[in-house]
Amino acid sequence: MTSSNQSVELLAPLSGLFVPLETVPDPVFAQKMVGDGVSIDPTSNTLLAPAAGTITQVTATSHALTLTTEQGLQVLLHIGLDTVMLKGEGFRMLVAEGQKVAAGQALVEFDDQIISARGKSTLTEMVIANGDLVTSMTPARGFAHAGKTVALTVNLVATAAQANAAAVADSALSDLIVIPNPTGLHARPAAVLANMAKTFTSDIKLVRNGEESNAKSVVGIMGLEVQHGDEIRVKATGPDAAQAIKALAELIRSGCGEECGAPASAAAAQAVATPRPAPKPQSTDPNTLLGVSASPGLAVGQIFQVRQEVIEVREAGDDAQLERRRLDEALKEARTQLETLKGEISDANKAEIFAAHQELLADPELLDLAISGISGGKSAPFAWRAAFTAYAEKLARLKNEVLAGRANDIRDVGRRVLRLLTGVKEAALQVPENAILIAEDLTPSDTASLDRNRVLGFCTTGGGATSHVAILARSLNIPAICGIEEAALQLVDGTTVILDGTRGSLRKNPSDVEVQGIRDRQATMAARRAEELAAAELPAVTTDGVHIEVVANIGGLTDAQVSVKLGGEGVGLLRSEFLYLERTNAPDEAEQTAIYSDIAKALGTERTLVVRTLDVGGDKPLPYLPMPAEENPFLGVRGIRLCLAAPEMFRTQIRAILRAAPYSKLHIMFPMIASLEEVREAKQMVAEEKAALGVSADVKVGIMVEVPSTAVMSEIFAREVDFFSIGTNDLTQYTLAMDRGHPKLARQADALHPGVLRLIAMTVKGAHAHGKWVGVCGGIASDPLAVPVLLGIGVDELSVSVPAIPAIKAMVRKMNKADCVKLASEVLQMGTVAEVRARLTKLAE
Ligand code: PEP
Ligand code: MG
């Protein structure tokens, strides 16, 4: 770039053909709403700096950035049209906000094939956002050579400072927008909205009835509790205010990625009920306190009341910059702590709760609140405490129970940072043995660090079955009750109680006979468990000499390690989704390679590792892969269908899996297979990536049988795949046409239905005809009642939940395969689940 006092020359950021901005097929650019400049139809795919300057803004989705030149010109570089929707897929940002760059320095790499495959144009715009600084500009024509050709000659009028002041003063307000989303701006549309808002430099607010919230903050948007039919406005202040208003208003009107049906009206709004907390159960028996079941199980123990320590903070701050630095350091350290905590939790899905805490630490509204406190002369701990407390209270007041429940997460992460700021060490709870904890609320961090040797269960007066504490309690396998009657807080420490997590009841003053009855049951179960554990290493061979592989269903590395300790003979199902969920961009190849390889190494070359490729979509959306909301997500673009529709993401995963081949007996498995074409296409990709990587290991490729058509046609599929694993959870829902999560159908959606058992039998028959093995990895494999019939049908492998491994192995060792075959042929002739269950229960007695 060359410049004089009056003019600046900006170099072409890409090679390609210059295109006049007016002809760009996007009115935002063609009508110069963002500013004037030039567009390039690119032939290169590394965006270069058109001038020396500072990167003053990068979008979270990496498709655009702003470079401010030494003269104060704000040059917005926008790769492609509508590419914000790709949520970062296909883009690699090479610079960070605040970084100084030289002219010609590489800024962003992008994959034009991904952009085109997703139906977007790669036409790239370079525009001046603060046009007030400019008297005139001359865009180039013809061919551009990246970093060499002058793309734009800009004549300046004023100093940057003057122009910037003018730009900042730009502000705009949208018309009233009626919210079309049936359940308002809940977490998912709020995330879509905040992500788009973050692509603009302007300060952006949502306004409802005079109340405002930061549109770049997910929690801020949720906190406004915008309901279906509510009228809101978008307000923006800054250089791209007009463009922001236009784009965001359109996004909100279209439902922020949700399918919303007919436009909302106030009347329709009244018809949609906000999820409200269920009334708290109340006991009529003075010796029993009731709550909501948060985690099942029984425990007899003594009450231990937990009260939260008060952290003292100084109100007045030192120099604001110093306080700000303290806050930044504490936030950084908290992020590291959470990273460690995530690694310590065996269930990776639960570890994601702490990933969400990490995101809260970056929430712009929360940070703004804290920083404005510091600017107002407060100390960092004082400002931070005020910010997160106000924020948590705001959420706790929401009528929506799930959103209100997130207040506890904010308090938890808030206190973590506060302890770091004040140097107050987390006082480890001095819990006596056999303790049943009672608290108003336990934070997810408290719950994750409970001493399992001393704590037998817990009850909280706050929270509900959907709270993160409840989810953690279930993953720790510890009985728990949430929302228990307040009277629990008055129970004296040391009082003996029976906690029934399954029923959600806490029984005071139990009789000796009652306590003894429960202790006896627990002792028998513990003795049996000890025997099973002692024999866990022995293979699962039936009394007539048939070896059944008992392997694990896992969700991450810790599960793999524990499964080996419990005698697991391998992994029959690695649910790889845990790597993809609850994050804003797809995991890259290196990250995936590391985790698959670590898991394979934990198993070793003698054990099997079956990695299931990504199984999400529909009901489990990925924020960085926009998919239209579906009316029937379980029948929509999920599992293999989604992967084949996003081939680059799929190939990245395949390569990462293949790189783990040297460390264990690697198997790749595709979920939700419904047709042979899907298998062929996916297998072709594996073969191509394998050849490209030069992997010579014999990597087996198999499919999940979850769709009835696949079970029926297993003999045909068996010609083209190496193995099958039957996902009975999905196979049952698709066979019986009953949603697997439907509360009212839970008892009927039974995998022991004779129809499902017959499909399992068909699968085995078809597979064995071609010498292929069949596993079962659905929940039924861990059910002791079902094991004899599965063996009798001829299943070769049972992939079970990690804690169930020793018990299932012990069970197989007691069985006779020939007897099981007879049992299976009898059961397959039955007409109802009730008959099947009665027969199997009799056998178990
Ligand atoms: C199944 O459907 O049985 C299965 C194992 O897959 P998931 O539960 O992960 O859908
Ligand atoms: Mg499934």
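Q: In E3, which residue is the bridge partner of Val19?
A: In this predicted model, strands (E, at least two residues) and helices (H or I, at least four) are DSSP runs numbered from the N terminus. Two strands pair if DSSP finds at least two bridges between them, and strand E2 (residues 16-20) is joined to E3 by five bridges, running antiparallel. Within E3, the bridge partner of Val19 is Ser39.

Q: What pLDDT do local features need in this predicted model?
A: Residues are numbered from 1 along each chain as its sequence is written, chains are lettered from A and ligands numbered from 1 in the order in which they are written, and side-chain values use heavy atoms, with hydrogens and water left out. In this predicted model, totals for chains, interfaces and linings use all residues, side-chain atom pairs count only at pLDDT 80 or more, and local features need pLDDT of at least 70.

Q: How many of the residues of strand E3 are buried?
A: Buried means under 20% relative accessible area, exposed means over 50%, and partly exposed lies in between (1.4 Å probe, protein chains only). Strand E3 covers residues 36-42 and is largely enclosed by the rest of the structure, because the buried ones number five of the seven.

Q: Which residue has a C-alpha atom 7.8 Å from that of Pro20?
A: Pro20 belongs to strand E2 and is partly exposed, at 25% relative accessible area. The residue in question is 121 residues away along the chain, and it is Arg141.

Q: In the open sheet of three strands, what is the order?
A: The edge strands are strand E4 (46-48) and strand E8 (91-93), each pairing on one side only. E4 pairs with strand E10 (residues 106-110) over three antiparallel bridges, and the E10 partner of Leu47 is Val108. The pairing in the sheet is antiparallel, and the order is E4-E10-E8.

Q: Which residues are the protein donors of the magnesium ion (ligand 2)?
A: Donors are N, O and S atoms within 2.8 Å of the metal (3.2 Å for Na, K and Ca), and sites may look incomplete, as water is not among the atoms. The protein donors lie 2.0 Å from the ion, through OE and OD atoms of Glu706 and Asp730 respectively. One is in the loop between strand E32 (700-705) and helix H21 (708-712) and the other in helix H23 (residues 728-736), so the pair ties together parts 24 residues apart in sequence.

Q: Against which elements do the buried residues of H23 pack?
A: Seven of the nine residues of H23 are buried, leaving the helix mostly covered; among them are Asp730, Leu731 and Tyr734. Contact here means heavy atoms within 4.5 Å. The buried residues pack against E32, H21, strand E33 (723-726), helix H24 (754-768) and strand E34 (773-776).

Q: Which residues does His768 touch, not counting residues up to four places away in sequence?
A: His768 is in helix H24 and is partly exposed, with 36% relative accessible area. Its C-alpha atom is 9.8 Å from that of Val795, 27 residues apart along the chain. The residues that His768 touches are Gly794 and Asp796.

Q: At roughly what angle do the axes of helix H8 and helix H10 cross?
A: Axes are lines fitted to C-alpha atoms, for helices over the stretch in contact, and angles run from 0 to 180 degrees between N-to-C directions. Leu327 and Leu331 are among the H8 residues that meet residues of H10, including Leu367 and Ile371. The axes of H8 (residues 320-344) and H10 (residues 364-375) come within 9 Å and cross at roughly 150°.

Q: At roughly what angle do the axes of helix H16 and helix H17 cross?
A: Leu557 and Val564 are among the H16 residues that meet residues of H17, including Ile595 and Leu603. The axes of H16 (residues 557-565) and H17 (residues 589-603) come within 9 Å, and the crossing angle is roughly 5°.

Q: What share of the residues in the chain is buried?
A: The chain's secondary structure comes to 28 helices and 35 strands. Of the contacts with a separation of 6 or more, 71% are between residues 24 or more positions apart. Among the 845 residues in the chain, the buried share is 53%.
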